[in-house]
Amino acid sequence: MFDWEAAWHAALYGPGGFFARGEKPAAHFRTSPLVGPELAEALVELLSRVDSALGSPPVLDFVDVGAGGGELAYAVRSLASGSLASRLRVTAVEVGPFVPLPGVSWTSEVPSCVGLLVAHEWLDAVPCPVVTGPSADPWITRWWPSLRAGEQAEVGAPRDAAWAAAVASVRGAALAIDYGHLVSSRHFSLTGYRDGRQVPVVFDGSCDITAHVALDACAEAADGDFVLVSQRDALGALGLSSEVSGSGWSWLESAARAGRVSELRSEAGLGAFGWLLHGRGVAVADLLPALPAWRPNPASFRDC
């Protein structure tokens, strides 16, 4: 019987695996941190709210899990200012070769931290078993009850465990940003990416292998105080808007920024990503206002 999870893990993280040998997401697909500095700006704002809720600890952590080339970690380090910047410790977590960046420490394991942990498109690369319906797997019974005979499904239990462990390592807040689906909209989504294009899945280490995340299951596994909202709504609540102002050169800069913000908040693209935010020792209500619950937009699915 083919062991999908083991093959997936070896293809990404084993000797010669896609990420283990140093491939970076920037070379293969466009992600929010690559659009511009605006995602980092929003996360610095969220980090400052976490800082206030924690009472401004002597050392404040920003941990970027699945950091890739460290673009997000470095942008947050660069944008932080004032007292927050003087107390800020930035850690990037990645399995592949580290990229030296000023002010960013690297590790291969999720550390304990006081502050904000962000897992940006990390959970979608956590390998899962694959089953074919009908299945008596307990996770499938609970989280994929619509699975029919002959259909395939990714069993999200390893992701639930990974996210629960990451959240447990934090005092402050933990945020998963990813594309995914809910129990009401499950679909088999295992696919590959190479050089900016979607490709058939092969387990030889030549491509990224990814699948949509059952963010509702991850939320329940980590438990506690949490919200699951869209990136579009979260970025708006953190102060990002696509308004254009000024004149001359400042207008051009404002228009360029507005275009980047619009891309990040597009309901047919990155804006449809889910933001799963957990509070650990702080109230989520102190970090984000009440927002509509996340509803995945099928038009934003990478495999469509």
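Helix α8, residues 215–222, is largely enclosed by the rest of the structure, because six of its eight residues are buried. Buried here means under 20% relative accessible area, with a 1.4 Å probe and protein chains only. Helices are DSSP runs of H or I with at least four residues, strands are runs of E with at least two, and both are numbered from the N terminus.

Before I continue, a word on the source. This is a predicted model, in which local features need pLDDT of at least 70 and side-chain atom pairs count only at pLDDT 80 or more, while totals for chains, interfaces and linings use all residues. Residues are numbered from 1 along each chain as its sequence is written, and side-chain values use heavy atoms, with hydrogens and water left out.

Which residues of α8 are buried? They are Leu 215, Asp 216, Ala 217, Cys 218, Ala 219 and Ala 222. Asp 223, just after the helix, takes a positive phi of about 65°.

His 278, in strand β14 (residues 274–280), counts as buried because its relative accessibility is 1%. Contact means heavy atoms within 4.5 Å; leaving out residues up to four places away in sequence, His 278 touches, among others, Ala 219, Ala 222 and Asp 223.

Val 213 belongs to strand β12, residues 213–214, and is buried at 0% relative accessibility. Beyond four places in sequence, its contacts include Cys 218, Asp 178 and His 181.

I turn next to the helix crossing. The axes of α3 (residues 38–54) and α4 come within 9 Å and cross at roughly 60°; axes are lines fitted to C-alpha atoms over the stretch in contact, and angles run from 0 to 180 degrees between N-to-C directions. On the α3 side, the contact is made by Leu 39, Ala 40, Glu 41, Leu 43, Val 44 and Leu 47, and on the α4 side by Leu 72, Ala 75, Val 76 and Leu 79. By class, that is nine nonpolar, no polar and one charged residues; Ala, Val, Leu, Ile, Met, Phe, Trp, Tyr, Cys and Pro count as nonpolar, Asp, Glu, Lys and Arg as charged, and the others, Gly among them, as polar.

Helix α4 (71–79) also supplies at least two residues of the lining of the largest pocket, as do α1 (4–13), α2 (32–35) and β1 (60–65). That lining has 18 nonpolar, seven polar and seven charged residues.

Conventions. Buried < 20%, exposed > 50% of the residue type's maximum accessible area, 1.4 Å probe, protein only.
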